[in-house]
Amino acid sequence: LYDRLTSGRAGSETQARIFPVELELALEDREALKRHEGLLAEIGFDIDAFSEESVVVRGVPAIAGGSDPRGLLLDIIDSVQDAYGRPGGFRDAVHKKIACHAARRAGDLLSAEEMRAIVDAALSGAYELRCPHGRPYLYSITKNDLEKMFKRS
């Protein structure tokens, strides 16, 4: 998901919310959203001022359409301060948060077709074999490793 977002292959479509979500935010958080409203709209967010203290989220990036818009936006706001001064800055931080929120998680039920699609994408060679935070998600275990694990070597 992260690689699709950073390469532009994820598109910038917006998934409109049937029920918009209102968020009360501190002044500094509202100002951070205001500063980055162009980028957020470009990525697929539809956010409007609702009152002096709150915003309303009418849409999120389609790739993250199934995630909690409140949690996603609050997570993005939290990462704004950390993003300054880093290569890629805010855009990269937003892509990482969207990818994390949109990703399947441990315990999620997947159909055989969904599992196959994830494995096929991971092994296609088109993506780095790591999460956005740099942790690898594919490991190679040799026969020797297995023998050591079972005290057979």
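Author: A polar contact is a pair of N or O atoms within 3.5 Å, where within protein one atom must be able to donate a hydrogen and the other to accept it, and where residues adjacent in sequence count only if both atoms are side-chain atoms. Such a contact links the side chain of S51 to the side chain of S54, at 2.8 Å. Please keep in mind that this is a predicted model, in which local features need pLDDT of at least 70 and side-chain atom pairs count only at pLDDT 80 or more, while totals for chains, interfaces and linings use all residues. Residues are numbered from 1 along each chain as its sequence is written, and side-chain values use heavy atoms, with hydrogens and water left out.

Helices (H or I, at least four residues) and strands (E, at least two) are DSSP runs, numbered from the N terminus. Burial is judged by relative accessible area, with buried meaning under 20%, exposed over 50%, and partly exposed in between (1.4 Å probe, protein chains only). S51 counts as partly exposed because its relative accessibility is 34%, while S54, at 1%, is buried. Leaving out residues up to four places away in sequence, S54 touches E22, L23, E24, L25, R30 and A49, where contact means heavy atoms within 4.5 Å.

Around S54, the strands form an open sheet of three, in the order β1-β3-β2, with antiparallel pairing. β1 and β2 stand at the edges with a single partner strand each, so one side of each has no neighbour in the sheet. Two strands pair if DSSP finds at least two bridges between them, and β2 is joined to β3 by four. Within this region, D48 stands opposite V56 in β3.

A nonpolar core is a set of buried Ala, Val, Leu, Ile, Met, Phe, Trp, Tyr and Cys residues joined through side-chain atoms within 4.5 Å. This one has 22 residues, and L73 is one of those with the most contacts inside it. Setting aside neighbours within four places in sequence, L73 is in contact with L23, L33, F45, I47 and V57.
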